[in-house]
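Let's take a walk through a protein chain together. Keep the sequence and the 3D view side by side as you read.

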Amino acid sequence: MDKAPEAFRTISEVADELEVPKHVLRFWEAKFAQLKPMKRGGGRRYYRPEDVALLRGIRFLLYNDGYTIRGVQKILREHGPRYVMDFRRIAEEEEEDAMVEAHEIPDVAAEAAQGGVASLLHDADRPLQQPDMSALGALIEEIEVCRRILGSAKE
């Protein structure tokens with residue numbers, strides 16, 4: 001039987017949910033002062049839902065976005081734990097928005113591939129056609145979006 005969302009979790013339950021070893025959770029607890037699970041007799045840890053949400057955000061920043069421990073510590077200092085808790089959700093929403101934008105931009109490479117390389121080689125003596133300026137503009141916009149995403153990831 002699954003626990004209620006507001007129930008406290010043991011370190012084993014959290015480790016299984018986040019797919020990280022228990023020793024990693026203990027290490028993160030030492031590195032991130034904002035992580036403070038309750039400790040009962042014998043040092044047994046119990047994680048509140050907020051602790052699990054923070055751990056989920058930390059894991060996302062470290063494993064998915066490639067931040068270092070020091071980088072996540074800086075984010076926690078500057079933006080606070082609530083930001084890190086919500087970061088995964090915000091990042092997934094931005095990724096979905098970017099995917100929608102990407103679908104709106106014509107895929108110039110795929111269109112060229114449909115024409116086939118053989119036809120280009122066969123007609124090598126034919127003069128090159130003028131490029132489709134609207135397709136090139138869309139491609140430049142896509143590159144700019146990628147540049148902005150990479151720039152924000154570095155910060």
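**Starting from one valine**

Valine 72 touches Phe32, Ile58, Leu61, Leu62 and Tyr67, leaving aside residues up to four places away in sequence; contact here means heavy atoms within 4.5 Å. Before we go on, note that this is a predicted model, in which local features need pLDDT of at least 70 and side-chain atom pairs count only at pLDDT 80 or more, while totals for chains, interfaces and linings use all residues. Residues are numbered from 1 along each chain as its sequence is written, and side-chain values use heavy atoms, with hydrogens and water left out.

Where does Val72 belong? Together with Leu25, Trp28, Leu55 and Ile58, Val72 touches the most other members of the largest nonpolar core, which has 26 residues. A nonpolar core is a set of buried Ala, Val, Leu, Ile, Met, Phe, Trp, Tyr and Cys residues joined through side-chain atoms within 4.5 Å. Buried means under 20% relative accessible area, exposed over 50%, and partly exposed in between, using a 1.4 Å probe and protein chains only. Helix 1, helix 2, helix 3, helix 4 (69-79) and helix 5 (81-104) each supply at least two residues of this core. The largest share, eight residues, comes from helix 3. In soluble globular proteins, nonpolar side chains tend to be buried together.

Now step back to the whole chain. Its secondary structure comes to eight helices and three strands, where helices (H or I, at least four residues) and strands (E, at least two) are DSSP runs numbered from the N terminus. Along the sequence, the pattern reads β-α-α-β-β-α-α-α-α-α-α. Of the 155 residues, 26% count as buried.

How do helix 2 and helix 3 (residues 49-64) pack? Their axes are 12 Å apart, at an angle of about 95°; axes are lines fitted to C-alpha atoms, for helices over the stretch in contact, and angles run from 0 to 180 degrees between N-to-C directions. That makes helix 2 roughly perpendicular to helix 3, a label for angles of 65 to 115 degrees. Val24, Leu25 and Trp28 of helix 2 meet Leu55, Ile58, Arg59, Leu62 and Tyr63 of helix 3.

Finally, look at the loop between helix 1 (11-18) and helix 2 (22-31), where you will find glutamate 19. Glutamate 19 has a positive phi of about 60° although it is not a glycine. Most residues other than glycine have a negative phi. Glutamate 19 is also exposed, with a relative accessible area of 65%.

Note on methods. Angles under 35 degrees count as roughly parallel, over 145 as roughly antiparallel, 65 to 115 as roughly perpendicular and the rest as oblique.
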